[in-house]
Amino acid sequence: MRGAAVLLGAGCVIWAALPPVHRGYAGFALTVAIAGVAAGGLRLALTAVPVPEDSYLLPAALRGWLSFLATLRLVPWEEGALLAVLWLEVLHPSRPWHTAVLGAALIAYLLAVHLAESGASPQVLRPQVRVLAAGAALLALGAAAGMLPAAGPGAGSALLRLVAAGALIAAAGLVLPYVARGDAEAS
């Protein structure tokens, strides 16, 4: 699962970076995205390394290693990579289906990282299949709406807005039982 997370992250960076753009801090965003995916992969690889509770009497080199591990485990690398990848995608001209595929890949990347961190199997996500499917449908609807020409309001755009609103209501209906159950368990 760790390898899949790193490969998904690298694929997202490549997908968002091509074709190259030379404006709006694209080079900086690409550097941040690559560093975020690499550091997140390194953090996943070093998850099993134990950390002693007391490091007072340890040599300086070992204390430096422990500081490095603490920093590596503390920073949210994946979220930084996600923001940088989204910035790279924003810099490109409108490409609705390209953006939709990137959105699905980014969600898969974050889910793979979560599964790798927790050591859980993918069956843990089985209760969320309906919500993930509704999200994928909303992503496809958004991409389809982006493909429509902006000629003006009409029957087609009104119908698409109606379908999108219905999908959003259906997605909210799928999520509410989990939110209500989570709030009841927390009390």
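This is a predicted model: local features need pLDDT of at least 70, side-chain atom pairs count only at pLDDT 80 or more; totals for chains, interfaces and linings use all residues.
**Helices**

I started with the secondary structure and found 7 helices and 0 strands in the protein. Helices here are DSSP runs of H or I with at least four residues, strands are E runs of at least two, and both are numbered from the N terminus. Read along the sequence, the pattern is α-α-α-α-α-α-α.

Residues are numbered from 1 along each chain as its sequence is written, and side-chain values use heavy atoms, with hydrogens and water left out.

**Overall burial and contacts**

Next I looked up burial. Of the 187 residues in the protein, 26% are buried; buried means under 20% relative accessible area, exposed over 50%, and partly exposed in between (1.4 Å probe, protein chains only). The protein exposes about 11,600 Å², and carbon and sulfur atoms supply 74% of that area. Accessible areas come from the Shrake-Rupley method with a 1.4 Å probe, and for residues only the protein chains shown count as cover.

I then checked contacts, meaning heavy atoms within 4.5 Å. Among those between residues at least 6 apart in sequence, 76% join residues at least 24 apart.

**The cores**

Which residues touch the most other members of the largest nonpolar core? They are Val85, Leu88, Leu102 and Leu106, in a core of 23 residues. Helices H1 (2-17), H2 (26-45), H4 (77-91) and H5 (96-118) are the elements that give two or more residues to this core. A nonpolar core is a set of buried Ala, Val, Leu, Ile, Met, Phe, Trp, Tyr and Cys residues joined through side-chain atoms within 4.5 Å. In soluble globular proteins, nonpolar side chains tend to be buried together.

I zoomed in on Leu102: leaving out residues up to four places away in sequence, Leu102 touches Cys12, Trp15, Ala16, Val85 and Glu89. Another core, of 5 residues, lies apart from the largest one, and its members include Leu46, Leu66, Leu69 and Leu72.

**Salt bridges around Arg43**

I counted 2 salt bridges, each a side-chain nitrogen of Lys or Arg within 4 Å of a carboxyl oxygen of Asp or Glu. In one, the side chains of Arg43 and Glu78 meet at 2.6 Å, N to O. Arg43 lies in helix H2 and Glu78 in helix H4, so this pair ties together parts that are 35 residues apart in sequence.

Arg43 also meets Glu117 in a salt bridge, with 2.6 Å from N to O. That pair links distant parts of the chain, helix H2 and helix H5, 74 residues apart.

Are Arg43 and Glu78 buried or exposed? Both are buried, Arg43 with a relative accessible area of 9%. Glu117 counts as partly exposed, at 39% relative accessibility.

**One aromatic pair**

I found 1 aromatic pair. The rings of Trp65 and Phe68 have their centres 5.6 Å apart and their planes at 35°, so the pair is tilted. The rule pairs rings of Phe, Tyr and Trp (its six-membered ring) with centres within 6.5 Å; planes under 30 degrees apart count as stacked, over 60 as edge-to-face and the rest as tilted. Both residues lie in helix H3 (residues 60-74), 3 residues apart, about one turn of the helix. Trp65 is partly exposed at 35% relative accessible area, and Phe68 is partly exposed at 37%.
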